[in-house]
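Here is a short briefing on one protein model.

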Amino acid sequence: MSRTQSDDKAVEGLAAALLSLECGRNKDIANKLGIKPVAVTRHLVKARREYLKEEARILFRKLPRNLIENARRRLASLPLQDQLNEMAKANGQEREISLRVFTCGPCRDDHERMSKLGVAAAPLIRILLRRTKSCGLTWGGTLETVVAALRNLSHPTPWTCKPIQFIPLSGEPLARERSSFSSSSLARELGILVNGELYDAPSLAMVPAFVPDRFRAYERDGVWKLIELVKSYKAIFGLHHGEQAAPQSAKGAAPLAMHLDMILTSVGSHDKPLGFGRGLLFDEMSVSYDDLKTLIVAEVGGVCIPRPHLNSEKLAQLAKVQTSWTGLRLEHLEACAQRGSDLLKGPPGVVVVSGGKGRATVICELIKRGLINHLIIDDVLAEELQKASVQRPKPDGQR
């Protein structure tokens, strides 16, 4: 056997072992890799003998880095991943993304699609979580399906020797939405699932997602004083110190949101920014929801990405929204994405799970700004991204 053939077999073997961590049957692994089930069996026997631990955890320290990288690429949708990375590079981003596409098949509605994606993605997300010391969560139905799917994996707690800290990154929208969608609920449930029943996650349950700018100055000050009585808020975001200043750390302690190993989030469609996070409080804003959609090109976890070439009046409108938002900020996303620069080892960084139509524009904008490290999507969104990532940008920032 030539050296090239030997290298290909090693890559194929590690790719099969990685898929085995995601609870795949040998037949499913074979279909994914385009090989015979008997070859999968042979690869896994060799892997278990050399580097695959019994609890389904690969000893990456025993493997050369180029082999790990090539195996991950073997699992990715390579043409699309390469297109997205080229798009990032063309926009000045050095960091690459890791892409996984799961086929969800025919679905009756978005809820069924998200449920299928959550089940398919859960084993991979579990692997990423085991690389973290702290994970922040945003909100929404997609993340709820992911947490439910992680629960159904039935792995004994704790997952790691040291507890993983789970941090909510948004206050409450005060809308008629399921409480299980909220950031605090998701952080608590995932924290108990990973660390055991005694784990006590910080909560932002008493914190409103927005402090409306239509409130009078003394009313806003009163709301912020109440928010700063919530110890979890100070620990996560620091003190607010007024509308024009970014939150500062309390008593010299660095806010947790600035030092997260992982942010687990989804994204909504481009025409429905903020989603669950908007809530009834946004109705009290001087900037309407329709106005907001003309001001931003993307939103993730409450962080609004402005459209290019906004005039001073529109920038002032967007500033009202950003300073009214009490949760995750752009600098937190940037810091986490920077920590996740190494896709193979260490902190995962920003992990986006999303599927369905209408989300390609948002994801492309986030990739252009270097705000995604791991992208986990379904086949419908992959097809949409395939088209969006090859479209030439329109002149003068037109959309």
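The points below are grouped by topic.

This is a predicted model, in which local features need pLDDT of at least 70 and side-chain atom pairs count only at pLDDT 80 or more, while totals for chains, interfaces and linings use all residues. Residues are numbered from 1 along each chain as its sequence is written, and side-chain values use heavy atoms, with hydrogens and water left out.

**Sheet**
- Six strands form an open sheet with parallel pairing, in the order β1-β8-β7-β4-β2-β3.
- The edges are β1 (98–102) and β3 (165–168); each has a single partner strand, so one side of each has no neighbour in the sheet.
- From one strand to the next, the twist averages 15°.
- β2 (residues 134–137) pairs with β4 in the parallel sense over 3 bridges; two strands pair if DSSP finds at least two bridges between them.
- Gly-136 has Ile-263 in β4 as its bridge partner.
- Helices (H or I, at least four residues) and strands (E, at least two) are DSSP runs, numbered from the N terminus.

**Helix across the sheet**
- Helix α6 (residues 110–129) lies across β1, β2, β3, β4, β7 (349–354) and β8 (374–378).
- α6 runs at about 155° to β8, with axes fitted to C-alpha atoms, for helices over the stretch in contact, and angles from 0 to 180 degrees between N-to-C directions.

**Met-258**
- Met-258 sits in the loop between α10 (231–237) and β4 (262–265).
- Its relative accessible area is 30%, so Met-258 counts as partly exposed (buried is under 20%, exposed over 50%, partly exposed in between; 1.4 Å probe, protein chains only).
- Leaving aside neighbours within four places in sequence, Met-258 contacts Glu-331, His-332 and Ala-335 (heavy atoms within 4.5 Å).
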